[in-house]
Amino acid sequence: EGIDAVFDATIHRSSIAIIVELEPAPPTMPSPIEMLAAMENAAATFEHAFGLRELCERAARIFRQVTGFDRVMVYRFHDDGTGVVVAEDRDPALRSFLNQHFPASDIPRQARALYVRNRVRVIPDIAYEPAPLRPFGNDALDMSDVALRSVSPTHLRYLANMGVAASASVSIVRDGALWGLIACHHPTPKLLPLHARMACRALAGSLSRQIHAKEDAELFRERIRLRTAEDAVMLRLGSDISLTGLFAIAGDDLARMLGADSFAAVRGAELFVAGRSPRHADIRKIAAHVVDLARTVPFATDRMAEYLPDAVACQDLASGILAVTMATEEPTILLWFRAEQIAVVNWAGNPQKDVPVDPHTPLTPRASFEIWSEAVCGRSAPWTLFEIEPAVLAAQTDDVRCAPAPPAVRDQSRTHGDDRRQ
């Protein structure tokens with residue numbers, strides 16, 4: 001570079017040295033007032049979004065304006081490490097990844113940990129030639145926080161297979177954990193200067209706070225709904241009601257309270273069922289399996305057949321199970337059932353392909369991102385924390401006299417003990 005060249009400098013300290021990163025400064029850049037005004041407008045846009053989906057859609061548009069990349073996606077991680085594109089803004093000439101899922105192997109756990117540490121990561125040109133860095137003395141230099149460090153050849157090949165020449169990723173961190181990413185793609189090499197990266201980092205912080213607020217608001221509304229339903233059930237109960245009387249009066253309400261398709265209570269030889277439930281024999285098998293699992297804490301799953309293979313026989317009516325145990329003289333197992341929800345999941349490429357069976361085999365990037373559809377069976381809508389809480393309270397109610405039912409009402413249901421599907 002000539003003597004008059006201007007650089008942006010980033011300085012930070014490692015364990016053994018002070019690291020200075022230099023990159024060519026853009027010929028022009030917005031004034032501080034323009035930057036602050038744009039940030040304030042973006043924050044207001046996030047704040048005024050109604051719900052999480054609209055917030056993510058607005059975020060995709062704003063980050064595309066800031067970065068200038070041709071495709072910007074909001075990518076959310078699931079608990080199992082897989083991810084899904086929940087919002088997207090793109091040039092119409094580029095293919096869409098909206099609502100497509102990506103396997104956990106695409107972004108390994110160690111990579112996700114680095115995304116929490118380094119909130120903005122840019123690859124201006126996947127065809128760059130890495131330059132060696134001479135060691136500093138005899139100690140290896142920790143380059144974890146160096147923005148200009150080289151990236152994995154596997155990741156570069158992954159981007160090339162997607163038809164991407166430049167990329168940027170901005171971390172969305174919620175409560176110290178990686179919630180998702182703003183993933184930016186461009187079909188030709190593209191720089192993202194320092195001031196734009198700093199703006200992206202600040203915007204991601206604002207977005208994270210609004211995600212926190214929107215999710216908390218949704219949980220609060222759900223909690224109010226559940227509390228209202230719980231109060232409606234309890235108001236119908238008297239202090240002298242028997243356990244069987246409780247189920248006869250409130251069985252259907254107990255199912256509706258938690259968004260379940262049916263409800264069952266099992267105590268010894270007694271069985272009460274409300275709603276469209278599995279066969280009595282299947283209910284007893286499930287109760288016998290979960291009695292210990294739900295003795296001290298609730299047991300909840302949206303895929304019961306993975307815990308009890310015999311449950312495959314009734315997964316159409318009971319893929320989801322929420323179970324708690326009442327501390328009666330003879331344990332009473334309360335069961336809420338959710339029916340199977342067969343869903344078609346669109347993956348960006350076959351998630352099982354190119355994944356090595358041997359953990360010692362070097363990773364290779366997937367070669368195809370063509371839509372690969374998978375029908376997911378044996379799963380129900382998942383149970384939320386705020387649905388599990390009322391189930392615990394129902395099992396701990398002190399207003400019900402837990403007297404055993406007389407023989408005349410044993411094994412009763414809405415069809416008077418008929419062992420057909422309800």
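Tyr-75, Phe-77, Phe-97 and Phe-102 form one aromatic cluster. The model is predicted, so local features need pLDDT of at least 70, side-chain atom pairs count only at pLDDT 80 or more, and totals for chains, interfaces and linings use all residues. Numbering runs from 1 along each chain as its sequence is written, and side-chain values use heavy atoms, without hydrogens and water.

Biologist: Why is the aromatic pair of Tyr-75 and Phe-102 called edge-to-face?

Modeller: Rings of Phe, Tyr and Trp (its six-membered ring) pair if their centres lie within 6.5 Å; planes under 30 degrees apart are stacked, over 60 edge-to-face, the rest tilted. Tyr-75 and Phe-102 are 5.7 Å centre to centre, with 65° between the planes. That makes the pair edge-to-face. The pair links strand β3 (residues 71-77) to strand β5 (residues 101-102), 27 residues apart; strands are DSSP runs of E, at least two residues, and helices of H or I, at least four, numbered from the N terminus.

Biologist: What makes Phe-97 and Phe-102 a tilted pair?

Modeller: Their planes are 45° apart, at 5.9 Å centre to centre. That angle falls in the rest, hence tilted.

Biologist: How do you know that Tyr-75 is buried or exposed?

Modeller: Buried means under 20% relative accessible area, exposed over 50%, partly exposed in between (1.4 Å probe, protein chains only). Tyr-75 has 7%, so it is buried. Phe-102, at 4%, is buried too.

Biologist: What are the buried residues of helix α7?

Modeller: In α7 (residues 280-290) they are His-280, Asp-282, Ile-283, Ile-286, Ala-287 and Val-290. Down the axis they fall within an arc of 160°, so they line one face. The arc is that of the directions from the helix axis to the C-beta atoms.
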